[in-house]
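Please keep the sequence and the 3D view open while reading.

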Amino acid sequence: MAQFVDWDLAAATAGALSKSGPAVSYDDAMAVVTDLRNLTDEAAGHVAAYTGLSSQVEVPPVRVVDRKDWAAVNIAGLKQVIIPLVTRLSGDKQPGGLADAIGSRVTGVQAGTILAYLSGRVLGQYEVFSGNPGQLLLNAPNIVEVERKLGADPRDFRLWVCLHEVTHRTQFTAVPWMRGYFLGEVQAFVDASQNSEHILERLRRGVSTLSDALRDPDSRSSVLDIVQTPAQKAVLDRLTALMTLLEGHAEFVMDGVGPEVIPSVESIRAKFNQRRETGNPLEKAVRRLLGIEVKMRQYAEGRKFVHGVVERVGMDGFNKIFDSPLTLPRLDELGDPDAWVTRVHGSQPAIGG
């Protein structure tokens, strides 16, 4: 099989470059883990009651991780996707000697560098690549670090984070087709390449672009450089619409539930939004190249869309969005809730109806 990434080197690099977590005693660290597990269970009840969605599959328990473990889990997930992809594109050819070996090690270091950066930023994640139906991860060091920087009440902030991440878990476990649809779109993106012989090199260049951004904040390259065909653009539009919906739905739920169960939620939201909008030039450049700037817009645009639909047809009416891939919003509908309501419900109820 052709070699693309030296995964062991990626893991070692991520572990070596990951920032150390905030100073806590062993007992305090164990208390944080216990608290996050309990608050995940509490959040699950709130999310189910608010959304009317319940899991249709057995839900694995939350996994509370540190930064190194978060990177390792994501490396394992990426391997599940990339190894079969490389095998298919290469025709199961054997590695091409020294050049491929060096290339895989370079890419391994670059991938590890990117994951190390992200491991110090991500609070939580529903990881879908490494297994079905996926697994909820909470990055304890980052949660503690951010709550301290914000001066937030620890229990309130942790429950607030859990509400967001549990909503993502609910999206994938209450909607059994969601994971397969998402992975299918990722596969469709690759299949839409006009020249499969060059797709691996383009992917490698994308990894290199992101890694270089960590050292050169003035870089103007973009991960979109790997998009080369109209068919890939169409897939990317569908993926963008899906991720905007999922992020906006999670934001809508956490803001809807929050005032009832989190006394300091308004203060947390204001401080957290300010944190999202600020950062040094290097962080801003990396956020743009990694797509995090796009993700920030998705939070706002998706939340506005979900609010608009719920306002028109209620939560049960909104949940028709999860009936099938055909009822998902199209990219142009995200700014026009009425268009989605008309297409899916066949009518346009009065606002508030």
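Helix α6 spans residues 154-173, and its 20 residues reach 28 Å from the first C-alpha to the last, close to the 28 Å expected at 1.5 Å a residue. The expected span is 1.5 Å times one less than the number of residues, and a helix is a DSSP run of H or I of at least four residues, numbered from the N terminus. The model is predicted: local features need pLDDT of at least 70, side-chain atom pairs count only at pLDDT 80 or more, and totals for chains, interfaces and linings use all residues. Residues are numbered from 1 along each chain as its sequence is written, and side-chain values use heavy atoms, leaving out hydrogens and water.

At its start, a side-chain oxygen of Asp 153 comes to within 3.2 Å of the backbone nitrogen of Arg 155.

The structure holds 9 aromatic pairs. Rings of Phe, Tyr and Trp (its six-membered ring) pair if their centres lie within 6.5 Å; planes under 30 degrees apart are stacked, over 60 edge-to-face, the rest tilted. Two of the pairs are tabulated here.

| Pair | Centres | Planes | Class |
|---|---|---|---|
| Tyr 50 and Phe 252 | 6.1 Å | 45° | tilted |
| Trp 177 and Tyr 181 | 6.0 Å | 85° | edge-to-face |

Tyr 50 lies in helix α2 (residues 26-51) and Phe 252 in helix α9 (residues 230-261), so their pair ties together parts 202 residues apart in sequence. Tyr 50 is partly exposed at 31%, whereas Phe 252 is buried at 11%. Ring pairs also link Phe 157, Trp 160 and Phe 272 into a cluster.

Definitions and conventions: Helices (H or I, at least four residues) and strands (E, at least two) are DSSP runs, numbered from the N terminus. A polar contact is a pair of N or O atoms within 3.5 Å; within protein, one must be able to donate a hydrogen and the other to accept it, and residues adjacent in sequence count only if both atoms are side-chain atoms. Buried means under 20% relative accessible area, exposed over 50%, partly exposed in between (1.4 Å probe, protein chains only).
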